[in-house]
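This report describes one protein structure for a reader who is new to structural analysis. Please consult the sequence and the model while reading.

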Amino acid sequence: IRISSNSSTRYDGIIAISSVLELIVASIVGQWGSGQSILSVFRSLRLVRLFKMVKQWKSLHILLDTISKAASDVRSFGLLLSLFVFIYALIGCQLFSNRLHFDNETGIHVGILDSRYTHALIPRSNFDD
């Protein structure tokens, strides 16, 4: 077997061999999945290998640049939408505070023009905070 002079290929080979060794040692010792193996450090190096591959992926870079440019427009829209929601929530609190009254015996809603309105039950969670 000819060993490549490419450092990336050697790195991938070392990661693959260490993974196989980790599986063998884990099955012999009986620490399967416990994370106690010394060779489990090489699991994190697999992520480095993935990041190296992503770094060379040009179309992914173009896609991420496009998403980041679009995110600024979405951020502005989100801020404006949050402002509208907050304003309409304040308007709703002003319009509906102390408006919902319920009959003490039946629990049915009592209208503002009803004679029982002043003596009706006012729930705590009624926009009155």
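Arg116 is partly exposed because its relative accessibility is 41%; the term covers values between buried, under 20% relative accessible area, and exposed, over 50% (1.4 Å probe, protein chains only). The side chain of Arg116 meets that of Asp114 in a salt bridge, with 2.9 Å from N to O. A salt bridge is defined as a side-chain nitrogen of Lys or Arg within 4 Å of a carboxyl oxygen of Asp or Glu. Asp114 is also partly exposed, since its relative accessible area is 28%. One salt bridge is found in a search of the whole structure. Side chains of opposite charge can pair when their charged atoms come close.**Model and confidence.** The model is predicted: local features need pLDDT of at least 70 and side-chain atom pairs count only at pLDDT 80 or more, while totals for chains, interfaces and linings use all residues. Residues are numbered from 1 along each chain as its sequence is written, and side-chain values use heavy atoms, with hydrogens and water left out. The predictor's confidence in each residue, pLDDT, runs from 0 to 100. Its mean over the protein chain is 77, and 79% of the residues reach 70 or more. Confidence is lowest in helix 2 (residues 41-55), with a mean of 72, and highest in helix 3 (residues 58-96), with 89. Where pLDDT is low, the predicted coordinates should not be read in detail.

**Overall architecture.** Three helices and two strands occur in the protein chain, and from the N terminus on their order is α-α-α-β-β. Helices (H or I, at least four residues) and strands (E, at least two) are DSSP runs, numbered from the N terminus. Of the 129 residues in the protein chain, 12% are buried. The protein chain exposes about 10900 Å², of which carbon and sulfur atoms supply 68%; accessible areas come from the Shrake-Rupley method with a 1.4 Å probe, and for residues only the protein chains shown count as cover.

**Helix 2.** Val54 is located in helix 2. Leaving aside residues up to four places away in sequence, Val54 touches Leu60 and His61, where contact means heavy atoms within 4.5 Å.

The structure contains one aromatic pair. The ring centres of Phe84 and Tyr88 are 6.5 Å apart and the planes stand at 20 degrees, so this pair is stacked. Rings of Phe, Tyr and Trp (its six-membered ring) pair if their centres lie within 6.5 Å; planes under 30 degrees apart count as stacked, over 60 as edge-to-face and the rest as tilted. Phe84 and Tyr88 are separated by about one helical turn because they are four residues apart in helix 3.

A nonpolar patch on the surface includes Phe84, Tyr88 and Phe96, and its members together have about 1000 Å² of accessible area. Patches are made of residues with over 30% relative accessible area and no salt bridge: like charges are joined within 9 Å, nonpolar side chains (Val, Leu, Ile, Met, Phe, Trp, Tyr) within 5 Å. Phe96 belongs to helix 3.

The table gives the relative accessibility of some residues discussed above.

| Residue | Relative accessibility | Class |
|---|---|---|
| Phe84 | 43% | partly exposed |
| Tyr88 | 56% | exposed |
| Phe96 | 47% | partly exposed |
| Val54 | 27% | partly exposed |
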